[in-house]
Every structure is written in structure tokens, then in C-alpha cells.
Amino acid sequence: IGIPRVLNQYENYPFWFTLLTTLKFRVILSDDSSKKLYTKGIDSIPSESACYPAKIVHGHIENLIEKGVKTIFYPGVVYENKEIQAAGNCYNCPIVTSYPEVIKNNVETIKEKNIRFIAPFFALDNRKKLLAHICDMFEKEFQISPAETSAAVQAAFAEADQCLADVRKAGEDALEYIQQTGTKGIVLAGRPYHVDPEINHGIHSM
């Protein structure tokens with residue numbers, strides 16, 4: 001199963017990778033972003049007003065197809081995991097939420113190459129509902145039993161939680177280092193996909 005290396009996948013990939021590999025799928029990622037990869041999908045971009053991280057998705061889909069991937073899994077995520085309970089909501093950016101639909105309706109290679117493009121909508125803020133939705137989808141799409149999928153989802157939850165804990169620990173270590181050495185720190189805030197070198201343009205190095 002191919003997964004494009006784009007947008008919310010930078011945050012949600014540990015969950016989906018663990019889920020799919022636990023169910024015995026082999027996961028293929030698209031290549032690292034680049035200007036060359038971007039140009040592969042430029043013909044199917046329907047709007048100039050979309051952000052660059054969205055526009056480059058088209059190239060990543062074409063890249064997966066070029067790799068010979070016949071099934072692409074690119075879910076739309078309406079709500080992210082609610083990490084701060086006092087937050088008013090945990091909506092995803094509308095572009096992030098809807099972009100699988102944009103791809104499905106604009107990348108003609110998907111139909112030309114008879115690619116199985118799986119793009120369900122999920123909400124990650126309610127684990128009980130998410131579990132039920134995923135079990136239902138995998139039973140319909142792949143005839144995998146709910147019991148088997150449920151075990152894989154639990155493993156995916158554990159991996160996602162551990163990844164988040166690792167990130168928090170890295171932040172705590174950085175703060176501790178600053179306090180111990182008396183140096184100054186810079187908080188560089190962004191979305192998870194800003195770790196993509198093609199998108200962050202090396203700002204962290206500056």
C-alpha cells in the first residue's frame with residue numbers, strides 16, 4: 001500500500017504505518033519532496049490559491065504510481081487527536097482534510113493506471129468511534145475481521161502515543177540543556193510537515 005509523504009501524514013504516519021504493517025501490508029512511501037517531484041504533478045493542480053505543501057501532493061501521488069504501487073491509502077482527517085483538552089476544537093486545516101478528494105478528482109493517472117485509491121474520512125479525536133470506523137472499512141475493503149483490525153488499531157494507538165512522548169521528551173531535553181548551559185533558545189513553530197526540507201527551505205538552519 002502506498003502512502004504519500006505529505007501534509008498530515010507527517011504527524012499521523014506512525015499510526016497508519018503500524019496499523020497497516022500489523023495487518024501484514026507492505027507500506028511504500030513516496031520519495032522525499034523536491035522541485036523535480038513537484039513538477040511531476042503540476043498538470044493536475046486545480047487551483048493556484050492552494051498552498052505549496054498541498055500542491056506538491058500531486059507529485060507524490062504520481063511518484064507512488066511510477067513506483068508501481070497499485071493501491072494508495074490517503075485518508076482525509078477531519079479532527080486531529082485533541083492533545084489539549086481545554087482547546088476549543090481540533091479541526092484540521094480544510095485543505096488538509098479535503099485534499100484526498102482533490103487528488104481523487106484531478107489526478108487522471110489514477111484512473112488511467114487503474115489505481116485503487118482508498119480515501120476514507122476519519123476523525124482522530126474519538127478513539128472508540130475511530131476504532132469502529134477503521135474496523136468497518138478494513139472489513140469492506142480487504143475482508144479483514146474486526147477482531148484482527150482491532151488488535152492492529154490498539155498497536156497503532158500505542159505507537160502514536162510513544163512517538164508523541166518522544167517528541168515531548170526531546171523538547172524537555174532541549175529546555176534542560178538551555179537551563180544548564182545558560183544559552184538562548186528559539187521556538188520555531190510550524191505544522192508537522194515543516195520538517196520536509198523542500199517546504200521549510202532550511203529556516204531551522206538559519
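## Pockets, a cavity and salt bridges

Arg 5, Val 6, Leu 7, Tyr 10, Ser 33, Pro 53, Ile 56, His 60, Tyr 193, Asp 196 and Ile 199 line the largest cavity. This is a predicted model, in which local features need pLDDT of at least 70 and side-chain atom pairs count only at pLDDT 80 or more, while totals for chains, interfaces and linings use all residues. Residues are numbered from 1 along each chain as its sequence is written, and side-chain values use heavy atoms, with hydrogens and water left out.

Let us stay with the cavity for a moment. On a 1 Å grid over the protein atoms alone, a cavity is a set of points where a 1.4 Å probe fits but cannot get out; a pocket is an open set with protein on both sides within 12 Å along at least five of seven lines, and lining residues have an atom within 4 Å of a point. Grid points are joined across faces, edges and corners, and a volume is the space filled by probe spheres set on the points. The count comes to one cavity of 30 Å³ or more, and the largest cavity has a volume of about 30 Å³. Helix α3 (residues 52-66) gives the most to its lining, with three residues; helices here are DSSP runs (H or I, at least four residues), numbered from the N terminus. By class, the cavity lining has seven nonpolar, two polar and two charged residues, where Ala, Val, Leu, Ile, Met, Phe, Trp, Tyr, Cys and Pro count as nonpolar, Asp, Glu, Lys and Arg as charged, and the others, Gly among them, as polar.

Now to the open spaces. The largest pocket holds about 1,400 Å³ of space. It is lined by 38 residues, and Leu 164, Val 167, Gly 190, Pro 192 and Val 195 are the closest to its centre. Two or more lining residues come from each of α1 (9-22), α6 (127-142), α7 (146-181) and α8 (197-200), with the largest share, 13 residues, from α7. The lining of the largest pocket divides into 22 nonpolar, eight polar and eight charged residues.

The second largest pocket has a volume of about 390 Å³. Of its 19 lining residues, Glu 11, Glu 80, Asn 92, Arg 191 and Pro 192 are the closest to the centre. Its lining has nine nonpolar, five polar and five charged residues.

The whole structure has ten salt bridges, each being a side-chain nitrogen of Lys or Arg within 4 Å of a carboxyl oxygen of Asp or Glu.

Asp 173 and Lys 169, in contrast, both lie in helix α7, four residues apart, about one turn of the helix. Asp 161 is partly exposed at 37%, as is Arg 127 at 33%.

How values were computed
Buried < 20%, exposed > 50% of the residue type's maximum accessible area, 1.4 Å probe, protein only.
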